[in-house]
Structure formats: structure tokens, C-alpha cells
Amino acid sequence: MSGTPEIKQEHPKREKKIADNIAVKLKKDILDIEIKPKRIKVKIKHQSIKKAANYLKTVLNLDHVVSVSGIDYPNDNEIEIVYHAGTYEHKDLSDLLVALVYRIPREKPKTLTLTDVWPSTEYDERETYEMLGVIFDGHPKLEKLFLPEDWDDIPPLRKDFKNPGR
Amino acid sequence: MSEIRTFPDFLKRLIIVLGGLLILAIIIFGVLIYTVPAISNFNGILLESLSNPIVMLNYLDSLGVGINSLFFKIVVFPGYTWAAIIAAEIIWFERKFLAKMQVRVGPLYAGMIGGILQPIADVSKLIFKELISPSRSDKLIFFTIPLLVNAIGATLLAVLPVSEGWLIMRSEVSMLIVFAVIGFAPITVLLAGWASYSKFPFIGGLRGLHQMIAFEIPMLIAALSVVLLSGSLDLVNIVQAQSNVWFIVLMPIGAIVFFITLLAELERIPFDLPEAESEIVMGYLTEYSSMAFGGIQLGTYIRFYALSGIFTTLFLGGWHGPQFLPAGFEIINQIEWFTIKTLLVMVTIIILRGVNPRFRIDQLLRFSWSRLLILAFLNLFIAIFILQMGWFPFGGGI
Amino acid sequence: MSELTVSIGPQHPGAGHFRLIVKLDGDKIIEVNPDPGYVHRGEEKIAEYRNYIQNIPHFERPGIHDSSNMLFAYVQAVEGLMKLEVPERGKYIRVIMAELNRIISHLYYLAIYGIFVGHSTMFMWPMGDREHFIDLAQMISGQRVGFAFLLPGGVRNDMPEGVKTRANDACNYFEKRLIEYERIFMNNPIFENRTKGIGKLSKEDAINLGVVGPTLRASGVKADIRKDEPYAVYDKLDFDIPVSKDCDSWARAWIHIEEMRQSMSIIKQSLKDMPSGPVKLNLRGQVRAPPGEVFSRAEASRGTVSFYLVSNGDMNPYRIRLITPSFRNLIAIPHILKGLLLADIPPVFWSLDYWPVEADR
Amino acid sequence: MNFVSKLFSAIKSGMKHLFMRRLTFRYPNQKLKFYGDGYQYDPKEGVGIAGYRGRHILYIEKCTGCSLCVMMCKGISQAIQMINLPEKKVPVNKKCSFPQIDYAKCVYCGFCVDACPFKALFETNEYEIVSYDRESLLFTPEQLAIKPKYKGTCEIKYGKRGAYHG
């Protein structure tokens, strides 16, 4: 959004290089890669999430996760989970965020936790669990975080949950 | 009684209470007039005293409650009322002073001069609050604590020599009485915490117990050096021993140690751990409400005054004015000197409250046992040294 | 001694709208279990029912002391989707408001830090001195809190004339006040005893747990979105990122004081460099983002605030993921508090600048 | 000894403030001076005019009853409602419907002012809206049309002995 035009040209080149690296390494698991300035979005298969996360952490040095988001797509009958990973230690990549995206079926939202790769995802995954009903296998403490203990409605961030009074 | 919800309700309650008290007073007074002969001519004396107040004083003397009687000393001056007035006004002064230090105004509206009646307003608010106790608390102990805290403060007043004549009780071992009474203070804190049947008060009570016991020993040793130099356990004798030179000059270390332990005994910041509001809510005071809370606060402030007075007595020369002052200062009498010094000690404690945060319990205990105790013993040796060299005319045998 | 479980909060004066379930052995903390959610509003759900403008007063609610910084990330996300370029003067005014908000929020932090260690003067001074900056922000934006001042495409109105001199006066005055703060609070030996070496969060742990903001910088990581991913005009301004290697509670308070100095320098520079011209694009009709997604970040006073905005071209956003700095720092609370004493909870907990409303969203 | 010297420095700093002026703003006696006559909006330029965002003022003769302000407020605080005032004869407003504002709900964001294309709804300097019941907080169009008489004189000044309100 800001900055001079030269910088804008330079950035996609850097991102392209990183994206190519990822594509080569995780060839079989990747569905799609989108590149924007400072952002790379890697769509992967659900099963290979752990492998991809490990790769990002160890090779690319993406040491923490900025956000874990769940997006409900009732039309596709799927829930999309997005991990945005960034780095503090790698100063050149400090403005880069790599989004790790995968989709899981909406009826049986079960997936693997990434808390063992990135400990910083603990509370994000807990929130996704209670807000979208996604079960993260192997999470150390998959309990309610914000919602009341006696919440027995459907998970509120699903699209078929309507805000009362709206 | 019904709940107070609106201002008219409050007024109704006020009228009922005050009216009840008035009726009670009339009944008691009426009964007294017809039974005690000395009171039956009260009306005449009341009229006479309008022109000649001495009549009233003589009359009160004849009843045994005159200005020189023990009753007057205990109840009015230098006893409880005097201390309570000082306590109330020191609360006001503390708030005003801290407000000035914190570049704000503090109490402003109650009373004419800068909210000087604020303590009275606070007390009247507290009286009309609901008295709540936790359902599983030990009610007897729970409601005895405010009285006990007041009693501790009041007992200290009994031996506090305000001036040569104004002393409620002279005892050869008044120093021992002081420390016996101070030693009782942690028990009230612990009991209050225990009787509340609640977690945070209990933690507060335990903290209070640890803290006060840890600080009592350096305090005792610092006071012991004073006893050594003056050769007496009597506070009056101790003051008389300082007629030429105050003990703070001879034993500055002892004075500092005693002052710090004083802060800890009074639970003032930086040593207010038993009632640390951000850590353990309000400590042992958490469950207290209404005048039970007010009573504890009043008792604490009376103890504040009494212990400041004892610091004045032990180290600042009691009622003696400084020797080096020019001639004009003789108009300040002994009571005034004592009051000025005591207030100065209290102001110093208030300043420390304004600029300091709170200690942590382990730091506090380490500070007491590893620093203050050593300093107190050092001070004791200094006292012994002074005594052995014969630099000080008083003093008893070791 | 057997274990004692105490609940710090939600009515405890040392926690706010938040609960820490603490297991104690004597005075020592064995386990801490944070229990947020007392002020959960469901911001992300509500946002799906509102259009892009209506979301503005609503997204500043989580960090009400910090509203301009919260909105900074949001309006940048919307602008990123709509491909808008904000006028230069608008960018400068945005930066001024953001830095004013940073000072306001940091002063609040210091005030509560003061009262949490029992220092009543340190509660009153910063609360009083906040008034200077709230007054300035009110002059620019027209409100004292909850400015709702940043819009997609610029800011709502231009600055009045008097701001420049008033802001310089306030900054000069406040720079002197900061020295007093250091004397009475930061260098107070009792405060140093309470906080130096207490509540350590090592560099490795800080990176692993993904904490953000002053907490991260106090652990020796030089990371600030204003430098790493410069937005608005931060790349044209000259300022430092204070970093401490002490990793303790004292260092976190120190970072806040230094950041306020930097913020004042930014405000002064912006006021000097500010060009004239429009402050806002004239957007006719509804603000409606084209389909797509954007992840936008900004450095709020408590750390990085990020918006993940997914739009399907509708009036309302399809999904907004709001990640607030306090939510990122929540994970550090049980980690830091373990093994400390009960009395350490208020200062160490508050040194993370955890703001329950912001974390619960 | 470092301990003692630092402690004395803190005490000195505290004592210094006994001679500083008080910052306290004595509210009912003093009132803050605001810049301008309140927040206004220029629909042509699309930019607001700086001012305090307090209670609204409605220029009845300009209001067309388009209810754009209501639509804007619907997603924010639902404070504005349109009501019919048949006795008001405004040429531009055939339906005679005007906004009424519930100040128990209003958050003073001022987006209704931004939404109004006819310069009919502005905000003023008045903020002292207090009442014993919720009904009195419901401001009818006639009440909104009254120009408030707010007079503030006080602002922060910087003197030798610190800052003060004067």
C-alpha cells in the first residue's frame, strides 16, 4: 500500500523464490500457491499439514504463527483453516507471512494440531475449536476458551448460526 | 429495617436513629436527675456556668469526671477522644497531602476548608452501610476484632507521656506494657483472617503474622538500647533522660531501625502486605464492611498515632523542645512540643507512603532478619559503648 | 502444606475482567490457568452483519485506549482490497493519531502498573498526564475515547490550527515528566526489587510462544511492524525501536517509557513534515470491497494487531479474523507466572500489558 | 548505599510536587473549551470539519426524511429512528418524517453526520445529557433542533510550576 514502485517490483521476486522453494520441496502435497507482495498463500492437502509446517519452521525459519483462522464455506461444505506464519529471527523475511491453507469436511471437522510444531498456536486452535467446532487431534488442552461452559448451540462462527436479534 | 434505596429512605433512617438516641438520652438523663442527688441541681449549675465556667469545672470535679480526674484523662485528653480526633484529621491530612503530591485536589466539598469534614462524612456513610459477615465465619471473633484493634491502640495511649502532668498511668514497666500490647497486634490480624473463613483474608492474616513477628525483634532490641542508656523501663524516665540530648543523636541507627519496624508494625506502605489490595484483595479486611471496617480503620489510625508518639518518646525527646532554640520558643509548651513531633513523625510516614511501592513478603522477611536485626544489635553495642565510656549521665547496669 | 486454589479475578482488583486460577503451595505458584472470556463480544461474528463503515466504531471497542491503532490495521485491510492510495496528509494525521493513542495507552499501562505494586502516586501521575494527550486527540478527532477517526481512504477531518503548538507544548512538558517518572517509580529501589529479574521470558521462549509488542522487545527481539513492514509514513520518519535484553518485568515497563519518548519524537516530526492537501479520498457511495482476501498488520501499543479479511464482494465482509496483541500474549501468562510467588502475580501479569477486553474481542 | 540514594531521589521527586500546580480539572465549575462548533460534514468534498462530537443538532428545514442516517446507525448502535411529525411543514420533506435519537444507545461516532447529504444533521459541543429515566434520553426532532448553549472556557496551560487547567 505504501512505498516506492521499485520496492514493489522487488518484493514479488523474493516471494517467487521462496514460493518456488516450497513448491519444489512439497511438490506432492501442494494444491496451489498464490503470491502477493509480502504474502504467500500455500494451499496444501489436509493430510500433509504437519510435514508442511515442519518444513516452514525448520527450513524457512518461520518461528511463530501470527493467526489461525477458520472460515466456514457452507456452499462447498468445507471449513478452511488458515495458519499465518511469520518470523522474528530472520530479519530479511520479517515482513513476509506464509499462509498455510487446507480444507476439511464440514460434517467431520477433524484435523491434527500444530501445537507441537508452533507452540504459539495453542490458544488460536482452542478458539477455532469452540468457534467452528474443529477438533484438533493431539492438542494439549482442547477446552472452551471464550464461550460459557454451558454453551450447547452450534459453534457460533459457522454461517448457519444466526446472531439472535439480527 | 428496610433497605435504603433512595435519599428520602436515608433521611428516614437518619431521623429514626437520631430520634431514638434523643429519646434514650432524655430517659437516661431523667432517671439520673431523680436518682443521683449531685445531678439534681444540674440546671442551676448549667445556668451559672454561662457566666462563670469555673463553676462547671468545679462541679465536674465533684462528680469525679473533672479536668484533673482519671476519667477525663482516659476519655478525653490525652486519651481516646484526643487520639480519635488526631486519627480522623490525620486521615484527612494524609489524603490532602498525597493529593498535593499527586498534583490533584483530594477531598474538597465536605466542610469549608478543603474538605476538612471528610472523615466525619466517611464515618457517617459507613454507619449507614449494611453490616455483612460471611455465612460460615466465626461471628463472635469476627465482630470482636474491631474492638480488639481499638483496644490495642487505646492501651498504648495509657502509658504515652504527653507531658509531665498529662499521663494516664505511670508505671515502672511502661515500656514492657507497650511491647506486650504491640505483641498482641499480629494475633488480631491472624484472628480476623481466620474468622472470615475466606481465602484472601486468611493469606493476609498469615502474612501479617509473619511480618509483625519478624519486625518485633529488631524493634525490641532497638528499644532495649534506649532502656540501657536511660536506665529505666519507665517512659517518663526515658523522656527525662533526654532533657539534654535526644537519643536520635546518640543512636541514629537505632532510630532508623525503630522507625522502619514501626512502619511494618503499622502496616503502612511500603510494608502494607497484610492488606495489599492488588495482590490479596484487601487482606484480612476483605470481608469487613460498614462500621466494623470503620472500627478497624479507626483503631489502626489510633495505633498509628500512639506508636508515632512512642517513637517521639523514645528517640525524639518526648515533650522536650530542642536545646539550641533561641529564647522566644519557650511559649511552646510541653504538650505542643510532643504533638508537633508526633505529627512530624506521622507526616514522614505519609511521605514514604506517597513515593514507595510495596515490598514482597520474602524480601521483607529477609530484610528484617538479615539487615535490621544486625543493625539493631550494632546499635545495642553502640549504646553499651556509650554507657561504658560514661558519656551519658543516666543509665543502668548491664 | 497442601495445595490452595485461589481465583484471581474476575472480581479481584488485580485482574480485571479476567480470571487466573492459581494453584498455590504455600506462597509459591505451581500452576496457573487463565480463564478469559468474561468480556467476549463475538466481534468476528458481529462484523459479518455490518458493512465496512459500520464496522469502524465497532472494531475500536476491543482496545478502546488504542482505537486508532486498532483501526489502522482494519482500514489498511479494506484499502488493500479496494486498492486505494491515501493522500499524504491523511497518512501523517493517521500517524499522529496512532502515536497519540500509543502514549495514552502506555500511560494507562504505567498507571495500573503503579497501583498493582501499591504505588499510589504512580497511579495518579500518568492518569493525570494522559489528559494532555487525550485533549490533543479530542482536538483532532472530536472525541476523548473511541475516536472512530480513521476511514478507508483517509481520516475523517483535517486538523485544526491550534494543534501544532499545543502538541509541541505537551510533548516538551511530558518529556520532563518522564524524568520524574523514572525517579519516583522506575528507579525506586523497592520497585526494582519487586520487578528486576522477576517474570523472566527468555528470547527463545518469546519467539516460540509468538508474543508480540513490548513484551517481545523486552525479551531482546527487535521486531516492530512499523519498521519491519512500514505502513503509512513510518518509513519516512526517524525513530528507534527500544529493545532490552533483561527479559524481566522491569524491562517491560522501561520499554513502555522509551516508546513514549519515541512516539513524541514521531509526533513532532510528523507535525513538522506534514504537507498540505486533502486528507481523504472522496469516496462516493458505499465502501464495498471487491472479492479477495488480505492480511493486514499494524503495530498497536500492546503489539501487533492483525486483520485477516475475506471478502466475497458483498456489502458486508465474509469473514474477518481479528488477532489482537493481548490474545497473542495470553499464552505467555501461565508460562511466566509458574514458579513465582503469589505477590508477584499483579506486577508480572500486568507487565505483559494484558488487556482482557482486547484479548476476548 | 545505592538503595538509600535512589530512595532519597524518589522522595525528592515526590516532595518537589508539593510545590507544583494541580492539574485537576474541577468539572462543574470549569468546563472544557472545544475547538469549533462541533463536528460537521461537507458532503461535496467528502471530508468532515473538525469539532467535538457531542449531541446532534437537526436543521429541520433541510431534512428530507431520506433516512440515510437511520440506515447507517442500524449497524452501529440502532439509536436513530424516523418518526412522523405531520404538523411540521417542510417543503423538502413531503412525508414529514424526521430522525429521533436515543442517547441511551448513541455512541457518538458521528457516522450519521457523514451519511447525511443535505447538511441537515450535525453534531454540537454539548455532552451533558443526563436524566433519571431512559425516556428523557429520547430526543425528538424538536429537541434536536434546539441549538445548545454550551460555554466552555477552560483548557490546559503550561506554566512554570507545571501544567494546569485554566
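## A tour of the predicted model

This model is predicted. Start by selecting B:Ala87 and showing its surroundings. Apart from neighbours within four places in sequence, B:Ala87 is in contact with B:Leu298, B:Tyr301, B:Ile302, B:Phe304 and B:Tyr305.

In soluble globular proteins, nonpolar side chains tend to be buried together.

**A buried methionine in chain B**

Next, select B:Met175, which lies in helix α9 (residues 174-195) of chain B. Is B:Met175 buried or exposed? B:Met175 counts as buried because it has 25 C-beta neighbours inside 10 Å, and the cut-off for a buried residue is 20 or more. Not counting residues up to four places away in sequence, B:Met175 touches B:Ala223, B:Val227, B:Leu233 and B:Leu235. B:Leu156 and B:Met175 are 10.0 Å apart in space and 19 residues apart in sequence.

**Where chain D touches chain C**

Colour the chains separately and turn to chains D and C. Their contact takes 30 residues from chain D and 35 residues from chain C. On the side of chain D that touches chain C, α1, β2 (47-49) and β8 each supply at least two residues. Of the elements of chain D, α1(D) gives the most to this side, with 7 residues. By class, the residues on this side of chain D divide into 19 nonpolar, 8 polar and 3 charged.

**A hairpin in chain D**

β8(D) and β9(D) form a hairpin, with 2 residues between them. Show D:Lys157 and look across to β9(D), where D:Tyr164 stands opposite.

**Where chain D touches chain B**

Now select chains D and B. How many residues does each chain bring to the contact? Chain D brings 10 residues and chain B brings 8 residues. Helix α1 (residues 2-16) of chain D gives the most to the side of chain D that touches chain B, with 3 residues. That side of chain D has 5 nonpolar, 4 polar and 1 charged residues.

**Pairs without contact**

Finish with chain A. No contact joins chain A and chain D, and their closest C-alpha atoms lie 10 Å apart. No contact joins chain A and chain B either; here the closest C-alpha atoms lie 24 Å apart.

Methods:
Residues numbered from 1 in each chain as written. Chains lettered and ligands numbered in written order. Predicted model: local features only at pLDDT ≥ 70, side-chain atom pairs only at ≥ 80, totals over all residues. Contact = placed C-beta atoms within 7 Å. Helix = DSSP H or I, 4+ residues; strand = E, 2+ residues; numbered from the N terminus. Nonpolar A, V, L, I, M, F, W, Y, C, P; charged D, E, K, R; others polar. Pairing = 2+ DSSP bridges. Buried ≥ 20, exposed ≤ 12 C-beta atoms within 10 Å, placed from the backbone.
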